[in-house]
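Thanks for sending this one over. Could you keep the model open while you read my notes?

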Amino acid sequence: MTGVMPTATDRTAVNHPELWQIRFSMYPEKVRWALDYKGVPHIRRSLLPGPHVLTLMPRFGQKAMPILRHDGHVLKNSAAVLDYVERTWPDPPLYPGDQQERVRALEIQKWFDDEIGPALRRAAFFEWLPHTEYAARVFASGCPEWRQKLYVFAFPGIRAVMRMDMQISSDGAEIGRGLTRKALDFVATHSVKTGYLVGNRFSVADLTAATVLQATCLPPEYPVQASKPRPAGWERWLERWKDHSGLDYVRRMYRHYRGQSYALSE
């Protein structure tokens, strides 16, 4: 955690948390969801995958997001951001009050963050990225039309970098599909008793699991929609999971807890 003073162009963010994000990305969605769930007004700085590096590296010294800046603090990964959000805006809580349940919820968060998320993304992108215009426009959702067109034009080069950076390959996709199924099995099994992964209420474990697994069903409450008709690779990916009972859990978490946006600007 480091202190960074706002620049002249960032003065609007002084009194509100400022989230740097890619709109169609699981880890920024974790933070958006937490801030929205707690009703925290915040500012979103949305960047495009690829060009985002040119903005983030000089400013923050890293290319990964989310990054949250607030009150002189800069938090640089989703788990650290959620911990800060929980301490700064504790109600409604995302961490269980029981110590054992809290430890378990944080263990589940770490498993989804570190093991499931990257593997699932690698598998999904293996099928999604070849569809140049569709994928580029989903990633550029919310941008003006002229910018979307430029991004479509640049996307073949950006896609090559993404494949290399994320180690996207047929072998990696196969491993990712296996871990995705393992994660869906996990949420289906562990939510049977109470409806939640830990204890009897919504927690950071549920928020993280649902966020990571949203790509298996693209719930309508997810802030960025992949419009229909979807190309073959996207439909093939979604078709693979459509009969898994774990999707009921993911959809239920989004339906009941995703709620309204508290973004002041984006």
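The points below go through the sheet, its helices, and a few side chains.

1. A word on the basis. This is a predicted model, in which local features need pLDDT of at least 70 and side-chain atom pairs count only at pLDDT 80 or more, while totals for chains, interfaces and linings use all residues. Residues are numbered from 1 along each chain as its sequence is written, and side-chain values use heavy atoms, with hydrogens and water left out.

2. Let me start with the sheet. It is open and has five strands in the order E4-E3-E1-E2-E5, with mixed pairing; strands here are DSSP runs of E with at least two residues, helices are runs of H or I with at least four residues, and both are numbered from the N terminus. Two strands pair if DSSP finds at least two bridges between them. At the edges sit E4 (73-75) and E5 (263-265), each pairing on one side only. From one strand to the next, the twist averages 30°; axes are lines fitted to C-alpha atoms, for helices over the stretch in contact, and angles run from 0 to 180 degrees between N-to-C directions.

3. Do E1 and E2 pair in the parallel or the antiparallel sense? Strand E1 (residues 18-21) and strand E2 (residues 42-46) are parallel, with four bridges. Across this pair, Glu18 stands opposite Ile43, and Trp20 stands opposite Arg45.

4. Arg69 counts as buried because its relative accessibility is 5%. Its side chain makes a polar contact of 2.6 Å with that of Glu18; such a contact is a pair of N or O atoms within 3.5 Å, and within protein one must be able to donate a hydrogen and the other to accept it, while residues adjacent in sequence count only if both atoms are side-chain atoms.

5. Helix H3 (residues 78-88) lies across E3 and E4 and runs at about 35° to E3. Contact means heavy atoms within 4.5 Å.

6. Which residues of helix H9 (residues 232-241) are buried? They are Gly233, Trp234, Trp237, Leu238 and Trp241. These residues cover an arc of only 130° around the axis, which puts them on the same side of H9; the arc is that of the directions from the helix axis to the C-beta atoms. An α-helix has 3.6 residues a turn, so residues three or four places apart point the same way. The packing partners of this buried set are H4 (99-128), H5 (132-139), H7 (170-190) and H10 (246-257).

7. In helix H4, do look at Lys110. Lys110 counts as exposed because its relative accessibility is 53%. Its side chain joins that of Asp114 in a polar contact of 2.6 Å. Between the C-alpha atoms of Lys110 and Ala209, which are 99 residues apart along the chain, the separation is 10.0 Å.

8. Finally, the cysteines. Cys143 is buried at 13% relative accessibility, and Cys217 is buried with a relative accessible area of 12%. Taking a disulfide as a pair of cysteine sulfur atoms within 2.5 Å, the count is zero.

Terms used
Buried < 20%, exposed > 50% of the residue type's maximum accessible area, 1.4 Å probe, protein only.
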